[in-house]
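Please keep the sequence and the 3D view open while reading.

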Amino acid sequence: QVQLVESGGELVQAGGSLRLSCEASGRTFRPDRMGMGWFRQAPGKEREFVAHIGWIGERTYYADSVKGRFTISRDNAKKTLYLQMNSLKPEDTAVYYCAAQPDGSRGSRTTPYGYSYWGQGTQVTVSS
């Protein structure tokens, strides 16, 4: 239905920056009707919310831990979601996943339960 592929994860030193991308495809992907988000998961921890962006980018939401450092954006024409990460910290180390909500969904924006489609993840490692 909807396929999501992340890219951009790397090893970076603390204080550095990375930009993650997520390309969407599939006949059922409706960029103007699907909210999207980023989640991350570190070993031994639960998957946690990072950021969300509405159907056309009119609303954005961020976890407190990344506010002021990360920026979520989307280009619906290119069917691509982005996460710009600045001032990276070692605690940002995790596998990062992009996700899409169902068509027209107004469900949870900050929990995995509100999303139906997931990418395979990309590893981000921040050294001390």
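In what order do the 4 strands of the open sheet lie? The order is β1-β3-β8-β7, with antiparallel pairing. The model is a predicted one.

**Sheet**
- The edge strands, each pairing on one side only, are β1 (3-7) and β7 (70-75).
- From one strand to the next, the twist averages 15°.
- Strands of a sheet pair through backbone hydrogen bonds, in either a parallel or an antiparallel way.

- β7 and β8 (residues 80-85) run antiparallel and are joined by 6 bridges.
- Bridge partners include S73 with Y82 of β8, and D75 with T80 of β8.
- The hairpin has 4 residues between its two strands, and K79 in the turn has a positive phi of about 55°.

**Faces of β7**
- In a regular strand, side chains alternate between the two faces of the sheet.

**Nonpolar core**
- The largest nonpolar core has 35 residues, and L4, W38, L83, M85 and Y96 have the most contacts inside it.
- Elements giving two or more residues to this core are β3 (18-25), β4 (36-41), β5 (48-53), β7, β8, β9 (94-100) and β11 (122-127).
- β9 supplies the largest share, 5 residues.
- Leaving aside neighbours within four places in sequence, M85 is in contact with G16, S17, L18, L20, R69, F70, Y96 and V124.

Technical notes
Residues numbered from 1 in each chain as written. Predicted model: local features only at pLDDT ≥ 70, side-chain atom pairs only at ≥ 80, totals over all residues. Heavy atoms only, no water. Pairing = 2+ DSSP bridges. Axes fitted to C-alpha atoms, helices over the stretch in contact; angles between N-to-C directions. Core = buried A, V, L, I, M, F, W, Y, C linked by side-chain atoms within 4.5 Å. Buried < 20%, exposed > 50% of the residue type's maximum accessible area, 1.4 Å probe, protein only. Contact = heavy atoms within 4.5 Å.
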